[in-house]
Amino acid sequence: MNANPFTLGHRHLVEQAASQCDWLHLFVVREDASFFPFCARLEMVRAGVAHLRNVTVHEGSQYIISRATFPAYFLKESGKVQQAWSEIDVLIFRNYIAPALGITHRFIGSEPFCAVTHQYNQTLHALLAGSVTVVEIPRIKMMGSAISASEVRRLLKTQQFSRIRDIVPESTFAHLEMHYSAEVA
């Protein structure tokens with residue numbers, strides 16, 4: 001999970017996944033290539049899932065959705081190069097990370113907005129078949145539209161905190177208000 005920032009959609013995904021398994025390993029993308037730095041995203045995720053007792057939040061590494069294994073995610077490349085990079089990332093997960101942690105299921109959110117993430121989800125379905133069950137959870141909607149971290153970032157740029165409050169957990173809202181409100185700037 002990139003969680004750029006952590007939204008109610010992310011929380012819904014984690015809650016659904018945690019309710020379907022004994023223990024959930026949640027990996028936060030470590031790369032500092034997002035609007036929010038890794039340390040802030042990690043803090044928002046940890047605060048947002050603190051109520052779930054069967055979740056371990058892991059700091060991502062160079063071996064899971066990183067520039068080393070999946071640069072297309074950060075460059076938003078298209079075509080065969082993107083497909084090859086996503087396959088490398090998924091194969092590392094399937095062959096090394098999942099067996100080391102005893103992971104039997106991988107939970108993903110549906111992706112209606114980002115073509116790269118949508119294609120990555122399809123790669124997960126194809127390459128994990130037979131070894132790790134992929135469970136795709138539909139995004140939750142607010143006012144007819146799927147909740148999106150990119151929408152939060154757009155609202156943040158225009159200081160629309162009243163609208164942001166509707167689509168992020170209170171812990172994320174407190175972080176955004178503390179660090180990004182006009183009064184702080």
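Here is a walk through this structure, from its nonpolar cores out to its charged pairs. What you're looking at is a predicted model, where local features need pLDDT of at least 70, side-chain atom pairs count only at pLDDT 80 or more, and totals for chains, interfaces and linings use all residues. Residues are numbered from 1 along each chain as its sequence is written, and side-chain values use heavy atoms, leaving out hydrogens and water.

Let's start inside. The largest nonpolar core has 34 residues, and Val55 and Ile164 have the most contacts within it. A core here is a set of buried Ala, Val, Leu, Ile, Met, Phe, Trp, Tyr and Cys residues joined through side-chain atoms within 4.5 Å; buried means under 20% relative accessible area, exposed means over 50%, and partly exposed is in between, using a 1.4 Å probe and protein chains only. At least two residues of this core come from each of α1 (8-19), β1 (24-28), α2, β2 (55-59), β4 (133-137), α6, α7 and α8. Those labels are DSSP runs numbered from the N terminus, with helices being H or I of at least four residues and strands E of at least two. Apart from this core lies another, of 16 residues, including Ile64 and Leu124. In soluble globular proteins, nonpolar side chains tend to be buried together.

Take Val55 as a landmark: leaving aside neighbours within four places in sequence, Val55 is in contact with Val14, Ala18, Trp23, Leu24, Leu26 and Val49. Contact just means heavy atoms within 4.5 Å.

Asp166 is partly exposed, at a relative accessible area of 40%. Beyond its neighbours within four places in sequence, Asp166 is in contact with Leu8 and Met142.

Next, the rings. There are four aromatic pairs, counting rings of Phe, Tyr and Trp (its six-membered ring) with centres within 6.5 Å; planes under 30 degrees apart are stacked, over 60 edge-to-face, and the rest tilted. Phe35 and Phe36 make an edge-to-face pair, 4.8 Å centre to centre with 70 degrees between the planes. Phe35 is partly exposed at 38%, while Phe36 is buried at 0%. Phe161 and Phe173 also pair edge-to-face, at 6.0 Å and 80 degrees. That pair links distant parts of the chain, with Phe161 in α7 and Phe173 in α8, 12 residues apart.

Finally, the charges. The count of salt bridges is six, each being a side-chain nitrogen of Lys or Arg within 4 Å of a carboxyl oxygen of Asp or Glu. Glu151 and Arg154 meet in one of them, at 2.8 Å from N to O, and both lie in α6, three residues apart, about one turn of the helix. Glu151 also bridges to Arg163, at 3.7 Å, linking α6 to α7 across 12 residues. Through shared partners, Glu151, Arg154 and Arg163 join into one network.
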